[in-house]
Amino acid sequence: MESTRNEEISSFFDSAPPLKNRDNIKHKLNEFIRLNSSPNGGDEEKARRIVCVTSGGTTVPLEQRCVRYIDNFSSGHRGAASTEYLLKAGYAVIFLYRRGTFQPFCRSLPDDPFLECFESIDPKNIQVRQQHSEAVKLAIRDHHTAVAGGLLLKLPFTTIFEYLQMLQMTALSLSSLGPHAMFYLAAAVSDFYVPWKSMAEHKIQSGSGHLDIRLVQVPKLLSVLRKEWAPMAFCISFKLETDSRILQEKAEMALRKYGMHVVVANELLTRKEEVFVVTGNLKITVHRDKTQVDSDVENPLIELLVNRHSVYMKESDT
Ligand code: 9Z3
């Protein structure tokens, strides 16, 4: 059983196309972690907590020179909103996100901010439209404070191959922080993939009437993250289902099977209204505050998770 699992894992990583900018990502990660984990005065207790937030869905390419792919649904809203609240709570954030999905501090901007927020007043000048000026100012200010202050590192991925290699690199780098590190795994990760070696190189041709593709299971790396990559980090994974009847049961199973500290369960249709936090023997429902127009579920969710992380850090000390 264990050896089959190990074979699946090594076969995934050995056959994955290597990351093009691996050295650059590694350098950015190490610098970010070094800057945020060496507090002035060297006081270990006061070292900043660092969280890796994953966000957006991974793709599974069907061709090596990819024209077609299978996608996993996720707008990236949860990851982006949670990143804002985690920064507010004092965390440094490594935001591992799917290219093109929602970004922190941009949630209150219109869908096409570049075209909708600006207007051309004469051939030489453009300006921010009055109705968007407050939102644009806040987004620029908060984003700049986080990035220039060295508190937000944004790393994009597209495919399942990129995502899992980047998650592994991040986890191995963060392991030195022990219980100060947190993983908030909101990305929607593919369950099945086409191994690189058995993938067509060129665009698959139509004409034979049907298409047979063999997908193999993506190895479950959550337990490897917990046991090997970053064994002391506080790990939160998400469970998404469309059938409410199996959601709780699946979340409890994920907690036990992968050794997560917390599993956040949500249903696709109601994910913006409520989530269920499963931890130890507790099941806590977290709602959006419906009395406030602009409220979201991520605000109370992050508050709860930050408290849980504090308790975990205290317990790890003793
Ligand atoms: C989630 O359940 C996220 O909450 C959503 C957020 C993707 C629903 P949006 O990005 O939505 O705000 O539009 N993520 C699913 C995480 C996932 O794929 N978990 C795996 C699983 O369920 C285990 S790692 O099997």
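A pocket, on a 1 Å grid over the protein atoms alone, is an open set of points where a 1.4 Å probe fits, with protein on both sides within 12 Å along at least five of seven lines; lining residues have an atom within 4 Å of a point. Grid points are joined across faces, edges and corners, and the volume is the space filled by probe spheres set on them.

This is a predicted model, so local features need pLDDT of at least 70 and side-chain atom pairs count only at pLDDT 80 or more, while totals for chains, interfaces and linings use all residues. Residues are numbered from 1 along each chain as its sequence is written, and side-chain values use heavy atoms, with hydrogens and water left out.

**View 1. The second largest pocket and its lining.** There's about 710 Å³ of space in here. Of the 25 lining residues, Glu84, Tyr85, Lys88, Phe105 and Arg107 lie nearest the centre. Helices H3 (77-88), H5 (133-148) and H9 (298-317) each put in at least two residues, and H5 gives the most, with 7. (Helices, H or I, are DSSP runs of at least four residues and strands, E, of at least two, numbered from the N terminus.) By type, the lining splits into 10 nonpolar, 5 polar and 10 charged residues. Here Ala, Val, Leu, Ile, Met, Phe, Trp, Tyr, Cys and Pro count as nonpolar, Asp, Glu, Lys and Arg as charged, and the others, Gly among them, as polar.

View 2. Of the 16 residues around the ligand (a heavy atom within 4 Å), Ser74, Ser75, Gly76, Lys239 and Asn266 come nearest. Look for ligand oxygen atoms 2.6 Å from a side-chain N or O atom of Ser74, 2.9 Å from a polar backbone atom of Arg78 and 3.1 Å from a backbone N or O atom of Val189. On its own the ligand has 600 Å² of accessible area (Shrake-Rupley method, 1.4 Å probe), and the protein covers 92% of that. H3 and strand E11 (234-241) are the elements giving two or more residues to this shell; E11 gives the most, with 3. The shell is made up of 8 nonpolar, 5 polar and 3 charged residues.

**View 3. Arg49 and its surroundings.** You'll find Arg49 in the loop between helix H2 (22-37) and strand E1 (50-55). Skipping neighbours within four places in sequence, Arg49 is in contact (heavy atoms within 4.5 Å) with Gly90, Tyr91, Ala92, His180, Val306, His309, Ser310 and Met313. With Ser310, there is a side-chain to side-chain polar contact at 2.8 Å. (That's a pair of N or O atoms within 3.5 Å; within protein, one must be able to donate a hydrogen and the other to accept it, and residues adjacent in sequence count only if both atoms are side-chain atoms.)
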